[in-house]
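These are my notebook entries on how the chains of one model meet one another. I wrote them down in the order in which I looked things up.

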Number of protein chains: 4
Amino acid sequence: MRVMTLPWKFIVEWISAGEGVIRSVEKVYASSRSEYQEYLIAELYGLGKSLILDGKVQSSTSDEYWYHEALVHPVMLSHPNPRRVLVIGGGEGATIREVFKHCSVKEVVMVDLDYEVVHTCRESLSELHQGSFYDPRLELIISDGRKFVESISGVFDVAIVDVVDPIEGGPATALYTEEFYRALKNTLAENGIIVTQAVSPSLHPRVHAIIRNTVARVFRKVSSYITYVRSYNGLWGFVAGSDKYNPAELDATKIEQLISTRICAELKFYDGYTHQWMFSIPKPIREVLSRIKDYATDTNKAVLQL
Amino acid sequence: MRVMTLPWKFIVEWISAGEGVIRSVEKVYASSRSEYQEYLIAELYGLGKSLILDGKVQSSTSDEYWYHEALVHPVMLSHPNPRRVLVIGGGEGATIREVFKHCSVKEVVMVDLDYEVVHTCRESLSELHQGSFYDPRLELIISDGRKFVESISGVFDVAIVDVVDPIEGGPATALYTEEFYRALKNTLAENGIIVTQAVSPSLHPRVHAIIRNTVARVFRKVSSYITYVRSYNGLWGFVAGSDKYNPAELDATKIEQLISTRICAELKFYDGYTHQWMFSIPKPIREVLSRIKDYATDTNKAVLQL
Amino acid sequence: MRVMTLPWKFIVEWISAGEGVIRSVEKVYASSRSEYQEYLIAELYGLGKSLILDGKVQSSTSDEYWYHEALVHPVMLSHPNPRRVLVIGGGEGATIREVFKHCSVKEVVMVDLDYEVVHTCRESLSELHQGSFYDPRLELIISDGRKFVESISGVFDVAIVDVVDPIEGGPATALYTEEFYRALKNTLAENGIIVTQAVSPSLHPRVHAIIRNTVARVFRKVSSYITYVRSYNGLWGFVAGSDKYNPAELDATKIEQLISTRICAELKFYDGYTHQWMFSIPKPIREVLSRIKDYATDTNKAVLQL
Amino acid sequence: MRVMTLPWKFIVEWISAGEGVIRSVEKVYASSRSEYQEYLIAELYGLGKSLILDGKVQSSTSDEYWYHEALVHPVMLSHPNPRRVLVIGGGEGATIREVFKHCSVKEVVMVDLDYEVVHTCRESLSELHQGSFYDPRLELIISDGRKFVESISGVFDVAIVDVVDPIEGGPATALYTEEFYRALKNTLAENGIIVTQAVSPSLHPRVHAIIRNTVARVFRKVSSYITYVRSYNGLWGFVAGSDKYNPAELDATKIEQLISTRICAELKFYDGYTHQWMFSIPKPIREVLSRIKDYATDTNKAVLQL
């Protein structure tokens, strides 16, 4: 017997002080606060089962692959033979899920700060990780990502940074600075490649440009690229960096061929045309990228203004 | 480390299709759906720890006594010696808490439909019941209130109806009809008295009047009275009925004297002046009460239109 | 041809940072910003045509008389023969409308700060003022209320303060201090009486108590009383002060008699029982009033915290 | 003097019954209802001065060029020499503004249903039309678009359909059917080309596919393409159709060359790379396009489900 027909539990994702997206919460699976953040696992109207951290949707079953495949595959395919992969963040397990699709991968080290969130996702969000937490190639380390990368060197073919946006006072601002990228480069084996999520270029173009510029201070070849994620309320950006490889130099045909030979599972989002779409940046964003010269350091961090 | 400063989890309590009250959810204690209704136990900004059923705040620690003391004490003090008391509904245990404050009470039978909600409140909302579920004078029966009152006769000195509003399709519409009040009267010992919550006379004056008129078809002495409950977004109404006793005939001095001799615990809301306030109905509500002649039967129920 | 069925224009009245009331805007009559405040005249779902200042509903056709009759009549009837009346604020013209209902009134001086709002209400909100702006007994002065009361003495029988709440940084904080009430008293003829709106005792009990205490520093007889205003989301308070008269000392019978002999028009809200309701303060508010000893001065103002 | 710091006037753009975007209204320029729709011209937080029809943002100064340049230029540059252009809809004047940038254009016929909206935009939204309503090459006709195209033949080189989404009961459902596109084709001179806005492929992929399929029943060469419009809360789709020309066959270099020779004004969004971005459809949308076989006719219209 259902009485009310109007939805009554909502989350509001504030884009700014005067804009927000409201979504009806259909069912709550977990709602608590860890040492680091407030988390909610819930069925959201229109988006499906989702992980929300500090009010921001991180992953929704309906469209998370628009993000996770975009994050992982361009750099993985740019490297000729990625065997050891580092993932910083990615607590819900969807990033490592995509990494494990590459037949060449022998070892994945995932470093996440928040045991409680990782544990809760592993138990309650199998739709996202799809068992990848139990892949024997995984080493899961609960640790501060910055400290971890400063403690290791010369190991990884690919490093993937999948952490929350650099919000003022947030846990991730130290993972977007020149010092961090230098440490991250140092964890790489020769001719490694990195990628980081790089905020929304439609909502925060200046911060996206700063991340691109900061990576460019450390790596010779850098490229920005973008996807769209409905759950994130806009276009979404990434920055790849390497001294040798550049996914922007691969065309649609080459991508199709690499996928067919190097990926051992189905992809839902990424293919040759999608690659071309992601690397063809529309003019207004290119103009911001060419205009902004700033970069971030530990003493002058990039932060999103809500 | 707290990142977001704007609240992001809300409930909306719809007053109508174009009005609602939004409240930030600070902490979730329980959020699920029972056989009968969706329930949420949560800390709400401004209201404190609260029980919410199907989107409607039922009780908040900050002001529930404005409701529960108003519901219980006028009829309990009007009866000269209430020993056996029936409570229909009142799942969070605050109504029986007030009943047990009367020194004369020997036995309370509480009948609630929804075991899951009662159980969850008993475990997670001790702020409201304050242990009254464990009072040895209590007999708790999980049953349909209508069926229960049709199965028993001649027992109770006071009967208190504390159920949700008669919403279209809701679980309580059969607890506001003439047939129900006749059955309820039949459960009473000689010269018993009843009271029912009677919706908001500021938001739904017509339904309040119908409840008053319906009780008046069964009892010789009937009186409407009102309190204010911030958590309920307005004034709140009650209707008392008896063939012999009428709380409206008691003045402030008499109430003070009865409280001092018959109540064995502290009251936070009810006293002589408060009684006078509740029984002095403002003119616009009196005018609705005198204008509306309708009453409710099983075949012509009163229902709230949202 | 109507396409959307869901309402899409809303105002949110924030009660605090985590609570608010949302109301659908059905039709906009005026929406602009004066020198002093943002104003909106609009049809609101559930409330009717309304004046909204800086996000706060000031008057709605559906229930403004619960406020304006409560503000005006108790003090007007307490004075034996009110001929000259001062109204500070009351820009929509509903307060003077009620004052003019008293047959004894010869002259009303209304002092409002904001010409643009007064003018717009006069043109677009005749439902509220009902022509009272054109009553020949009215003298309308556009001026700062504080300056006006400091410039005049010994004139008025009754003074009515109908200004916005004392919000931090708002235009009215200087109209709630001891210095203001001393100046206001000085504008009165011998044995005059004043009343001020005194915020919501359910939402802001401490500020209500401070206003009461501040008036009590200036007048020998002071009384708090309360009504309920749906448009204001709660109970609403007033404070009356005089060296001689006290509306709290009038009973329901006396009020009925005074209304019948001294008021030349219909009342929708106020009568004897309503008077008794308003002056019977419920216990939790009385307890705040007896506990709070603070008062406001120009150097230590009372301000509402949202 | 500003009192409230929290925004209090909002519009909600409902994406579905459980999702919406809320935006603070900073300033209202016009708010009324025409014969056909409710309209609002307002400054929206984050978006700038905007036209909103029936609750849906149509154009915002901050990003309308992501839409209007995407709508107009691909088909205009595909045609070798567009002299006469038909625009159906486009009431705010931004579509004709882009058409007039093409040096070859001699005559533009704009047909819009709603005189009141067109007139209000012309007076109050010069930021959008930038004077194009006063271009001597314009003939503005207030008429039903469907009737107009059925009354004329053999005239236009390019026809552009810029009308609201096909919402159930809305004014535009008859402008998305096979019969409409046949009539529209009949208005074209030999080898003309058309384009229509084609809803959001991220929010409503099925309707986008139906529009593509419907145009494909009438024209031999059809292509879907997409942009992103923040004001529209997602990706946005278009469908171009012609028996001879296809913008999808033009590469970035060719586009750059055509812009430099044929466009007499600055573009902010469209260039070679942007063209490549728009015509590289990501895989999930391509899959919907290949799976859906439905098309729309006057007796079986496509409608968006909110």
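How many residues of chain A are in contact with chain D? I found that 30 residues of chain A are in contact with 30 residues of chain D, where two residues count as in contact if their C-beta atoms, placed from the backbone, lie within 7 Å.

Before going on, I noted that this is a predicted model, in which local features need pLDDT of at least 70 and side-chain atom pairs count only at pLDDT 80 or more, while totals for chains, interfaces and linings use all residues. Residues are numbered from 1 along each chain as its sequence is written, and chains are lettered from A and ligands numbered from 1 in the order in which they are written.

**Entry: chain A and chain D**

Sorted by class, the side of chain A that touches chain D has 14 nonpolar, 10 polar and six charged residues; Ala, Val, Leu, Ile, Met, Phe, Trp, Tyr, Cys and Pro count as nonpolar, Asp, Glu, Lys and Arg as charged, and the others, Gly among them, as polar.

I then followed β2(A) across to chain D, where it pairs with strand β2 (residues 19-33) of chain D in the antiparallel sense over five bridges, two strands being paired if DSSP finds at least two bridges between them. In β2(D), Ile22(D) is the bridge partner of Gly20(A).

**Entry: chain A and chain B**

I turned next to the contact between chain A and chain B, which takes 21 residues from each of them. On the side of chain A, the elements that give two or more residues are β1 (9-16) and β2 (19-33), and the largest share, six residues, comes from β1(A). I counted the classes on this side of chain A as 13 nonpolar, five polar and three charged.

β1(A) is joined by three bridges to strand β1 (residues 9-16) of chain B, and the two strands run antiparallel. Phe10(A) stands opposite Phe10(B) in β1(B).

How are the two copies related? Chain A can be laid on chain B with an RMSD of 0.0 Å by a turn of 179° and a shift of 0.0 Å along the axis, the copies being superposed by least squares on the C-alpha atoms of residues with pLDDT of at least 70 in both. The two copies are thus related as by a two-fold rotation axis. Phe10(A) is the residue of chain A that comes closest to this axis, with its C-alpha at 2.5 Å. I also noted that 100% of the interface residues of chain A are interface residues in chain B as well, so the copies meet through the same surface.

**Entry: chains that do not touch**

I checked two further pairs and found no contact in either. Chain A and chain C do not touch, their nearest C-alpha atoms being 11 Å apart, and no contact joins chain B and chain D, whose closest C-alpha atoms lie 11 Å apart.

Key. Helix = DSSP H or I, 4+ residues; strand = E, 2+ residues; numbered from the N terminus.
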